[in-house]
Amino acid sequence: MELARITTTTENGTMHCSACQWRCTLQPGDTGRCLVRVGSTEGITAENYGLISAALVAPIEDYRLWHFFPDSLVLAIGGWGYAFPVDQQRGTYAHIPMLEEKRRRLPPERVASFALERLCRGVVWAYGEPAVSHEYVLRLLQTSRAASRYTALVTTGYLTAEALDSFGPYLDGISLDLRGFGDTAYARLAGIPDWHGILGVMAWARQHWRCHIEVTTRLHHGVNDDPRELRSLVDWINASLGEQTPWHVLPGDAGAETAAAVVRARRIGHEGGLQFVYGSEPNQNTICPVCQAVLITRDNGLVSPVGISDGVCTNCGHKLYLRTSIFKR
Ligand code: SF4
């Protein structure tokens, strides 16, 4: 049994979990909103500890990290549990399998050695919200870093500042799944009442921990494609993460209206000053925003950093927002 770490207990035995922004209050026997943390007389237990939902080797680009160790293989790991109620209804990794034979166990200490054996330069937590697997993810980041692997998280950003600060010393990159920029969008697509905390925690990750961040937004027509909200989203990326932060704008569902919304959003991103705005079409190259030289080519899954040397454009010398070393932030 693994006890949750970032918790407090008051004198009357009430326990508080500070892994994600729900900040649940639990009594013995209560289950947190994530469905994977349970109050007990000894503390809050992490029922999902050591149980993985997925483990696969893939290009880092598959996780919408396109300016981060380009052309590298990563070991992608996932666990069980989401922080958002809508994800628990629709997502694949919400519920720990009931049957023991369906439960796959992998100690976090083994992940780094798997990555080394499979010639992966890094490890990414890619399936399920990392906050609700805080203890496992922390150990995974620590041991992967000790093995000189780069580390990254795919996250909704709904973790607390305390959880982020525990990850920060060992964390290189974040692929942020930003669902929109308005109350209605977050109520519909995440089921949470207040989403603003995500912005503060991600700004802290960038500004304090110097994490490399790329933002992905999946558009749903009539839900999160309001041009005014998207302009505010772009302004926030500019002000809090930086104009070189890649923004990946993808269709969240099929249909001509959503496709048109993606085109409009990408235009808003460019007009708002973002230097790297990507869509869903294949073979998108990365272009230098100053001299227009091709920096990274992407051709049917082949990624080649052709115009970059030591983090700058080889044609004009422009310094790029690109992470290629675990030693430089
Ligand atoms: S991880 Fe989040 S949802 Fe789960 S118990 Fe902790 S605060 Fe609640």
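Modeller: One caution to start. This is a predicted model.

Colleague: Into which domains is the chain divided?

Modeller: Domain 1 (7-46), domain 2 (51-282) and domain 3 (283-329). The bounds come from an automatic or database domain assignment.

Colleague: What makes domain 2 and domain 3 count as touching?

Modeller: Two residues are in contact if their C-beta atoms, placed from the backbone, lie within 7 Å. The contact takes 22 residues from domain 2 and 15 residues from domain 3. The domain centres, taken over C-alpha atoms, are 22 Å apart.

Colleague: Which classes of residue does domain 2 bring to the side that touches domain 3?

Modeller: Nine are nonpolar, eight polar and five charged.

Colleague: Which residues come nearest to the ligand?

Modeller: Cys 17, Cys 20, Cys 24, Gly 32 and Cys 34, out of 13 residues around the ligand. The cut-off for that shell is 6 Å from the C-beta atom.

Colleague: What is the make-up of the shell by class?

Modeller: The shell has nine nonpolar, one polar and three charged residues. Cys counts as nonpolar, and Gly as polar. Domain 1 (7-46) and domain 2 (51-282) each supply at least three residues of the shell.

Colleague: How do you know that β1 and β2 pair?

Modeller: Pairing needs at least two bridges. β1 and strand β2 (residues 15-17) have three bridges, in the antiparallel sense. So β1 and β2 pass the test. In one of the bridges, Thr 9 has Met 15 of β2 as its partner.

Colleague: Why is one side of β1 and of β3 left without a neighbour in the sheet?

Modeller: The open sheet has the order β1-β2-β3, with antiparallel pairing. β1 (7-9) and β3 (25-26) each have a single partner strand, so one side of each stays without a neighbour in the sheet.

Colleague: Which strands are the edge strands in the sheet of eight?

Modeller: The order is β7-β8-β10-β11-β12-β13-β14-β15, and the pairing is mixed. β7 (54-59) and β15 (277-278) are the edge strands, since each pairs on one side only. Six bridges join β7 to strand β8 (residues 73-78), and the two run antiparallel. Ala 58 stands opposite Val 74 in β8.

Colleague: What lies across β13, β14 and β15?

Modeller: Helix α8 (residues 256-271) does, running at about 165° to β14. Angles here run from 0 to 180 degrees between N-to-C directions.

Colleague: How do you know that β16 and β17 are paired?

Modeller: At least two bridges are required. Strand β16 (residues 286-287) and strand β17 (residues 294-299) have two, and pair in the antiparallel sense. Ile 287 has Val 294 of β17 as its bridge partner.

Colleague: Which residues take a positive phi in the hairpins?

Modeller: In the hairpin of β16 and β17, with six residues between the strands, Gln 292 has a positive phi near 70°. In the hairpin of β17 and β18, with two residues between the strands, Asn 300 has one near 50°. β17 and strand β18 (residues 302-305) run antiparallel, joined by four bridges.

Colleague: What makes the contact of α6 with α7?

Modeller: Leu 199, Ala 203 and Arg 206 of α6, and Trp 236, Ser 240 and Leu 241 of α7. The axes of helix α6 (residues 196-207) and helix α7 (residues 227-241) come within 9 Å and cross at roughly 35°. By class, the contact has four nonpolar, one polar and one charged residues.

Methods:
Residues numbered from 1 in each chain as written. Predicted model: local features only at pLDDT ≥ 70, side-chain atom pairs only at ≥ 80, totals over all residues.
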